[in-house]
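Below is a short note on the model, point by point. Please read it with the coordinates open.

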Number of protein chains: 2
Amino acid sequence: MTIMEKGTYHYTIGQSDIDFTGHAKHVSLIDYILQAAGDDASQKGFGIGDLNTGNISWVLMRIATEFVRRPSNGERITVNTWVNGVTRFGTTRNMEMLDAGGRVIAYAVTQWAVIDLETREAINLTERLDFGFALIDEPSPIPIPRKVAAVAPRDEVSRRIAYSDIDFNNHVNASCYLTWMFDMLPMECFSGMRLVRYDVNFVSEARYGDTVTTGCADDGNGGYTFSIARADGSPFCRGAMVWEQGAEDAAK
Amino acid sequence: MTIMEKGTYHYTIGQSDIDFTGHAKHVSLIDYILQAAGDDASQKGFGIGDLNTGNISWVLMRIATEFVRRPSNGERITVNTWVNGVTRFGTTRNMEMLDAGGRVIAYAVTQWAVIDLETREAINLTERLDFGFALIDEPSPIPIPRKVAAVAPRDEVSRRIAYSDIDFNNHVNASCYLTWMFDMLPMECFSGMRLVRYDVNFVSEARYGDTVTTGCADDGNGGYTFSIARADGSPFCRGAMVWEQGAEDAAK
């Protein structure tokens, strides 16, 4: 195995990232985590720009995130990222997000497949591409994304997929699903609790014009499960969160 | 009048800015324009962080934007910004967005008020604050934002204001209103047309839990008007767009 360096990328929390509490939204932090994945893949020669020439593209299959705190407007953040697993079905890419003082903001583990942009089917990674050179022999910082079971939702919101939801892969962007889940939560989560762990499974693609229903159920003890599905119940995306009591902004 | 320099700020188009055509969404470009306003105000000592200590904050009242082209993923952009007008009711701040080759991507003129965060009323700028030192004697690059008349909408979409829509001012963020307007357009606008001019008036504040209805009417000739309103028809926001036939990406 070649000795490969972790990728290190710097971003600045902008005012559009900030929620009513003055801290960056979890989805904004995940957007920077996914941006670092894209930046690192591009820098190493297998970004979406490289893959699109072969009419294939990266799609996110699962993500797990653990948050220590949410930074404030104008804070500089650093994301270190490394790939530590490749199979025929996909890659495992890890991230740690640090603040200007080197303290941890969040960790993430992501699992990616490559799809053919015409057939929308996953391709066999080990046949078509060689990512072995990019592997770094360092374990994931948190447990890999868990399989989220089907949800029996109590609250539901439906929406029709519109222009702004659709990304460069011509399907609903991951951030949209995440946003719809966070929008099901009580506001008290954001002002008095900390999101300890968040697992998301992307099951199938929602496309322009589809109608999707976001459902949420909670266990009364900080555990929330989510389903984003078609009218017939077949899932686009599932998520699970664990929240704890207590303010999260001790670190700054 | 003090000789003041225009503020110059640099950003990079990220993958979350990109739509299905591979170009940055108009709303993402406007987000960078508004970020530059915030960055410049902060650098000169009257940003939201400075004002919030007095329990007052900037709110956007009107914006006009003219677009030349929409940049691609990874492009570096520069926003130059300057304030050229202050009255008791607000300030006029201008922006020009340039690409790495110094070519114009977009121009904007914005009008801002300062509100008391308790009463939500506009304060008299000339009584409470002194922005005279920040004025730059250079005209706006495009006509100032126009008053948008009431709309008789043909298509309507309603939604309930959720967590993600609410910003640091504890009301619906400007970008949300803009996103809802763009999501009313036919997809052909984004693949085969250019947005020549976009005027938006922010009339009143939508808050968490409000139900808002976005309406759209078109003149069949590239002109679209929008209303975002309460159930009783009283407006939160109005917008008008002029679109022209033709691809927009000639410059790169």
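1. Fold content. Chain A has 5 helices and 10 strands. Helices (H or I, at least four residues) and strands (E, at least two) are DSSP runs, numbered from the N terminus. The radius of gyration of chain A, taken over C-alpha atoms, is 18 Å. The globule rule (2.2 Å times the number of residues to the power 0.38) gives 18 Å for 252 residues, so chain A is as compact as a globular protein of that length. Along the principal axes, the C-alpha atoms of chain A fill a box of roughly 50 × 45 × 30 Å.

2. Basis. This is a predicted model: local features need pLDDT of at least 70, side-chain atom pairs count only at pLDDT 80 or more, and totals for chains, interfaces and linings use all residues. Residues are numbered from 1 along each chain as its sequence is written, chains are lettered from A and ligands numbered from 1 in the order written, and side-chain values use heavy atoms, without hydrogens and water.

3. Interface extent. Contact (heavy atoms within 4.5 Å) links 28 residues of chain A with 28 residues of chain B. The buried area (accessible area, 1.4 Å probe, lost on being put together, summed over both parts) is about 2,600 Å². Carbon and sulfur atoms give 57% of that area. A:Gln15, A:Tyr163 and A:Met187 supply 30% of what chain A buries against chain B, more than any other three residues.

4. Same surface. 100% of the interface residues of chain A are also interface residues in chain B, so the copies meet through the same surface.

5. Salt bridges. The rule (a side-chain nitrogen of Lys or Arg within 4 Å of a carboxyl oxygen of Asp or Glu) finds 0 across the interface of chain A and chain B. Over all chains, the structure holds 28. One of the pairs is A:Asp40 with A:Arg93, at 2.8 Å, N to O. A:Asp40 lies in helix α1 and A:Arg93 in strand β4 (residues 91–98) of chain A, so this pair ties together parts 53 residues apart in sequence.

Notes. Buried area = accessible area lost by both parts, 1.4 Å probe.
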